[in-house]
Every structure is written in C-alpha cells, then in structure tokens.
Amino acid sequence: MRLARGAYSIIGGKGGKTEQDLYKSYIAKCEVPTSRFVDTCVGAGNITSLVAGQFEEYAINDLDMMNVSLFYGLVKHNKETVEQAIELEKSFEVKNGYCNLDIINSPRTFRFRNEEGRIKAAASALVYKNYLFNGAGNHMSPAKLKTRTKVWNRRYMLGMYDSLSNCQISNIDLIKYLDRELEDTEKMERSFYFIDPPYLEAQVNYVDSDRCTAEDFHRQLCQRVRQLKNVMICGFESDLYTEELEAYGFYKTLICEKYVSASRQRGTRRKVKEFIWTSYPV
C-alpha cells in the first residue's frame, strides 16, 4: 500500500505507514455501502489522499482558510498551482538572504471570484505550509535554507488529487458543517465521515484552538457524531468520549502509541495513545 503524504507535514498527522495501514483497513471495515467520503477537518490531507479513487464523491472541510485555499488549488488547478509554488519558492530563495515567509501573500483569496487569484493563493499556502511545518519557522538563515529546498515532493504533488477533481470544498466551523450534513438524510446515509478534530485539551496552534479543544465543544461534537450512520472520529483517550460515545454503543480501538510535541510547548514531548471511535465494529 502506498504511503499517503498529504500536502505538507503536520504535528499529529497520520504520517506513519503502519498507522495509515490501520486507518485504511478500519475505514474499509464499514459494512454499510458508502459512495461519498467526507473529511471534516482535512488538515494536511493524508487520509483523503489515502482513500482517493475509492469513492464516487468527496467532500473536504477545514476551518483554516489557508488549508482551504491550498486544497482548492491542488484539486481544481493542480498543475498551475504546483508550477506557481515552484516559481514562488525560487523567487524568495534568490532574493532574500533570510527567507522571510511573511513576504508570501496571505492566501485568503479562496472566496475571490478570480481563479488566477485563487491559484496564487493556493501556491502561496503550499509553500508556506511546507516550510512552516518542516521546522523552518518564519525565518531561515541561508545555511538552513539549503536544507529546506526540497521539503515537498513536486512530482508527487502533480496529479496528487486527480481523482478528486469534483471534490466539494468548504471552510466552515465543524459543528455547523455536521449540522448541515444531518439535515440531508439521503446524503448522510451514503456518506462515510472521517473526523480528525483538534483533540480534547490538546496544546495546539489551530484556528479557534481554545474553543475547539475545550470540553463543551467536544460534547457538542459527540452529540452530532452519534447521529451519523457511518463515522470514525480520532482522539486521545478521555472520560468524555467514554461517556458520550462508548456509552452509546460506539466501538473504541487503539490505533497507535507515539510521542507528540505540543506546538505551544516547543521541546516538550510526551507519549500518548491515539484511538478511534467508530459506529461499526472493527
């Protein structure tokens, strides 16, 4: 099985082959036939990339506008986005002794009607995310810059999401997104939902992370998850998920045990167990 690398590296991403093998096999164990795959918090897109081509329809959502811009470009204008990202990378490498990522235009043009602007935004986001999440930070010395010139695989990006050309892309709050899905019973029943939210009480930098890692948010999330027919949600072990999901018949499965480094506490590493909760036995 191929390794799904996604668009960039990310803390907490499903990047290990053993881990991805488990996710793929557990998604396949859903016995209810589904034709639509929904990634409600797409992040770097590892899992969506992993199952690309296996469903008739795809939908991805993320609260991070930069992510949405990035995937819009990769899905709708793949070649143009990758080519512009390569040229953008060259331009700031050559012209700046220190690679200041602040010079990249803020990729918030996803809502613009102009496709040229959207492609430019996607290219900016692709370069920014790959440097930022590969330990570069906002500034790099010339020496470090040389080691970061190939932090993303151009060939892999070309055609990366060919099978997702008709993918629906949205940028709304997770709770609101699920509420919309639940309103359409026919669509919901033929969909498989993969939910990888900011984890409960996790120390992460994320859009609206304080709210999205709070207990109240996760209780609201679990209430929606219980109404979905075919769903997998990821997280660390917690009494809240035991109370809100396991008590309602959800199945809990250990995925892996790994070390994580909290992005708000650089240098602090801790060993954690990552679980999934599914509406079906695995």
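Visitor: What distance separates the end C-alpha atoms of helix H1, residues 17-28?

Guide: Helices (H or I, at least four residues) and strands (E, at least two) are DSSP runs numbered from the N terminus, and the expected span of a helix is 1.5 Å times one less than its number of residues. For the twelve residues of H1 that rule gives 16 Å, and the end C-alpha atoms agree with it, being apart by 16 Å.

Visitor: On what basis are such values given?

Guide: This is a predicted model, in which local features need pLDDT of at least 70 and side-chain atom pairs count only at pLDDT 80 or more, while totals for chains, interfaces and linings use all residues. Residues are numbered from 1 along each chain as its sequence is written, and side-chain values use heavy atoms, with hydrogens and water left out.

Visitor: Which residues of H1 are buried, and what arc do they cover?

Guide: Buried means under 20% relative accessible area, exposed over 50%, and partly exposed in between, with a 1.4 Å probe and protein chains only. The buried residues of H1 are Glu19, Gln20, Tyr23, Tyr26 and Ile27. They lie on the same side of H1, because the directions from the helix axis to their C-beta atoms cover an arc of only 135°.

Visitor: Which exposed residues does the face of H1 turned away from the buried side carry?

Guide: On that face of H1, turned away from its buried side, the exposed residues are Thr18 and Ala28.

Visitor: How many salt bridges does the count come to?

Guide: Side chains of opposite charge can pair when their charged atoms come close. The rule used here asks for a side-chain nitrogen of Lys or Arg within 4 Å of a carboxyl oxygen of Asp or Glu, and by it the count of salt bridges comes to 15.

Visitor: Lys14 and Glu274 meet in a salt bridge; how many residues apart are they?

Guide: The side chains of Lys14 and Glu274 meet at 3.0 Å, N to O. This pair links distant parts of the chain, with Lys14 in the segment before H1 and Glu274 in strand E7 (residues 269-278), and the separation is 260 residues.

Visitor: Are Lys14 and Glu274 buried or exposed?

Guide: Lys14 has 3% relative accessibility, which places it in the buried class. Glu274 has 1% relative accessibility, so Glu274 too counts as buried.

Visitor: How many disulfides does a search of the whole structure find?

Guide: A disulfide is taken as a pair of cysteine sulfur atoms within 2.5 Å. The sulfur of Cys234, a residue that is buried at 1% relative accessibility, is 9.4 Å from the closest cysteine sulfur, in Cys41, which is too far for a bond. Over the whole structure, the number of disulfides found is zero.
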